[in-house]
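Colleague: Please take a close look at one part of this model for me. I would like the aromatic cluster and the charged side chains around it, in one connected account.

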Amino acid sequence: EGRLHTPSDGDDLAVRATNISMCERINPEDLPEECHCFEKPPLGLVVQCLKTFNSTYFDDTIGMKIDIDPCNPEGSSLSIDVTEAEHGIDYPIEQVKAGEEKDIPIPGLSVVVPGFGHLGVDVAVYIAGNPGKLILKVGLNACAALAQKTICASSIPGLNMVLPWYVLQGAYSFGDICDPELSLPVELEVAEVE
C-alpha cells in the first residue's frame with residue numbers, strides 16, 4: 001500500500017521563488033552602475049543604461065534600452081534601442097530570439113583608432129536557452145574588418161579598457177514565473193517497502 005508524501009521544504013522554496021521580481025532574477029547589483037532595471041508587466045523587464053565613455057579613443061554618451069521577454073511562447077527574446085544624442089542616433093534592434101548571436105553595427109557610430117582607422121560600434125548580443133535557464137550577453141563592442149581578419153576593441157591596447165562593455169552577462173532563471181506549474185507544490189507517491 002502506498003502513501004502520499006508532500007515535500008514541505010520544497011513547497012516553501014517554490015513559494016519564495018515566485019515572490020522574486022523579474023528584475024531580482026538578473027541580479028541588479030551585477031548591472032553596471034549606469035544601468036537600472038524596471039518591471040514590464042505582465043512577464044517582462046527592461047534594463048536602461050546611459051553610459052558615458054571618457055577615453056582618448058571613445059568620448060561619447062550612449063543610451064541603451066534592453067527589453068527582455070523571457071516568457072514569449074515562441075521562445076525567449078529581447079529587443080534593444082541604442083541612442084546617442086550628439087549625432088541624433090536612435091537605432092532600434094527588433095526581436096533577437098533565443099539561439100541567436102549577433103554583432104549589429106550601429107549606423108553613424110564609430111571609434112577612431114590611430115593606426116587602425118575607424119572601428120564601427122556594434123551591439124553584441126547572445127541569447128540562448130529557455131526561461132528555465134536563459135543565457136544572456138548583451139553590450140557594446142567595436143570591430144573593423146581589416147584585410148582578411150576582423151579586429152575588435154578587445155585586442156587593441158588602450159581601447160580594450162573601454163570596450164567591450166557588457167550590460168548583461170550570465171544565466172538567469174525565469175521558469176517558475178513563465179510556467180506557474182513549476183512553482184506549485186507537487187505530491188509524490190512513495191511506495192512503502194515491505
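Modeller: What follows starts with the aromatic rings and then turns to the charged side chains. Keep in mind that the model is predicted.

A search of the whole structure gives two aromatic pairs. In one, the ring centres of F53 and F58 are 4.8 Å apart. Their planes meet at 40 degrees, so this pair is tilted. In the other, F53 and W165 have ring centres 6.0 Å apart. Here the planes stand at 85 degrees, over the 60 that edge-to-face requires, so the pair is edge-to-face. F53 belongs to both pairs. Together, F53, F58 and W165 make up one aromatic cluster.

How far apart in sequence are the parts that F53 and W165 tie together? The answer is 112 residues. F53 lies in strand β3, residues 44-54, while W165 lies in strand β11, residues 165-172.

Next, burial. The cut-off for buried is under 20% relative accessible area. F58 has 2%, so F58 is buried. F53 has 3%, so F53 is buried. W165 has 10% and also counts as buried.

Now the charges. K51 lies over the face of F53, 5.3 Å from the ring centre. K51 is itself buried, with a relative accessible area of 14%. The side chain of K51 also meets that of E34 in a salt bridge, 3.2 Å from N to O. This pair links distant parts of the chain. E34 is in the loop between α1 and β2, K51 is in strand β3, and 17 residues separate them. K51 therefore has two contacts to inspect: the ring of F53 and the side chain of E34.

The charged end of K137 sits over the ring of Y166, 4.7 Å from its centre.

The salt bridges come to four in total. One of them joins R25 to D176, with the closest N and O atoms 3.0 Å apart. R25 lies in the loop between α1 (8-18) and β2 (35-40), and D176 lies in helix α2 (residues 175-178), so the bridge ties together parts 151 residues apart in sequence. Both ends are buried: R25 at 10% and D176 at 12%.

Another salt bridge joins the side chains of K40 and D67, at 2.6 Å from N to O. K40 is in strand β2 and D67 in strand β4 (residues 59-69), 27 residues apart. K40 is partly exposed at 36%, whereas D67 counts as buried at 17%.

Notes
Residues numbered from 1 in each chain as written. Predicted model: local features only at pLDDT ≥ 70, side-chain atom pairs only at ≥ 80, totals over all residues. Heavy atoms only, no water. Phe/Tyr/Trp six-rings, centres within 6.5 Å; stacked < 30°, edge-to-face > 60°. Buried < 20%, exposed > 50% of the residue type's maximum accessible area, 1.4 Å probe, protein only. Helix = DSSP H or I, 4+ residues; strand = E, 2+ residues; numbered from the N terminus. Lys NZ or Arg CZ within 6 Å of the ring centre and 35° of its normal.
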